[in-house]
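Biologist: I'd like to learn how to read a sheet and a helix from coordinates. Could you walk me through it?

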Amino acid sequence: MEGMKRPSLILLVLALILLSACQTAPVTGRSQLILIPESMEIELGLTSYKETLKKAKLSEDKEVIDMVNRVGERIAAVADRKDYKWEFNVIQDDKVVNAFALPGGKVAVYTGILKYTENEAGLAAVMGHEVAHALIRHGGERISAGILAQLGMVGLSVAVKNKDPVAISAINQAYGIGVNVGVLLPFGRSQELEADRVGLVLMARAGYDPNEAVAFWGRMMKAKDKAPPEFLSTHPATDRRVKELKQWIPEAMKYYNPK
Ligand SMILES: [Zn+2]
């Protein structure tokens, strides 16, 4: 009989974890199961951000830095996360077509993507999309499924505390920071669609015409036939995606607040 108590206690604890781990995605209202606490995700994000910036060469082009900060701050202002410590950096590497945002508000844009964003609204499309991934905690969802199964919660919290490379690499993979990782796993299709939809609302509320996101993805579609940029390995550009993106334009236009 003694042995019977244990499994039920474990089940109770598990049920409590699951209850506390459920959250609802903004705008779309989808319910999510995220086992890693947000505080841990933010801590991991901060460590990974520092490491990435330390290894990178930061841009010294004041005009570009100002633009990325301007767009970033406008998006941050409508992201409803006053607790985030927002920071925007430009990494000087014309060969890397990528950008990422981490929970906690840490954002980086590689100069290589600027030839595709073309203008501030195009940049707002990319940054809005990346910030949406962070706000919805898509990386957290991916970590729950993968690394947690290997390490377990206690193992993961120790790894986070020790800034273990396994944990850092997990958050890098989860949020598409690929330069030093090697293999980039694409976000799931439903996560991409969700980030597109929320990203459109963010850019619109920040005062950028959401139609510019469609134009940006059109330019990425053309680019993929040549050398596919890093951005496309985590964010596949397909006809279907552009079609679905267009479907969300009327919703986003309701939030459009031209500045
Ligand atoms: Zn994405």
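**Reading a strand, a sheet and a helix**

Modeller: A residue counts as buried if 20 or more other C-beta atoms, placed from the backbone, lie within 10 Å of its own, as exposed if 12 or fewer do, and as partly exposed in between. Strands (E, at least two residues) and helices (H or I, at least four) are DSSP runs, numbered from the N terminus. This is a predicted model, in which local features need pLDDT of at least 70 and side-chain atom pairs count only at pLDDT 80 or more, while totals for chains, interfaces and linings use all residues. Residues are numbered from 1 along each chain as its sequence is written.

Biologist: Which residues point one way from S5, and which the other way?

Modeller: Lys-106, Ala-108 and Tyr-110 share one direction, Val-107 and Val-109 take the other, and all are buried.

Biologist: How do I read the strand order and pairing of the sheet?

Modeller: Two strands pair if DSSP finds at least two bridges between them. Here the order is S3-S5-S4, an open sheet of 3 strands with mixed pairing. S3 and S4 are at the edges with a single partner strand each, so one side of each has no neighbour in the sheet. From one strand to the next, the twist averages 15°; axes are lines fitted to C-alpha atoms, for helices over the stretch in contact, and angles run from 0 to 180 degrees between N-to-C directions.

Biologist: In which sense do S3 and S5 pair?

Modeller: Strand S3 (residues 87-91) and S5 are parallel, over 5 bridges, and Val-90 has Val-109 as its bridge partner in S5. Strand S4 (residues 99-102) runs antiparallel to S5, joined by 4 bridges. Ala-101 is opposite Val-107, and Ala-99 is opposite Val-109. S4 and S5 make a hairpin with 3 residues between them, and Gly-104 in the turn has a positive phi of about 105°.

Biologist: And which residues of helix H10 are buried?

Modeller: They are Glu-212, Ala-213, Phe-216, Trp-217 and Met-220. Seen down the axis of H10, these buried residues fall within an arc of 140°, so they line one face of the helix; the arc is that of the directions from the helix axis to the C-beta atoms. Their cover includes helix H5 (120-135) and helix H9 (189-205), where contact means C-beta atoms, placed from the backbone, within 7 Å.

Definitions and conventions: Two residues are in contact if their C-beta atoms, placed from the backbone, lie within 7 Å.
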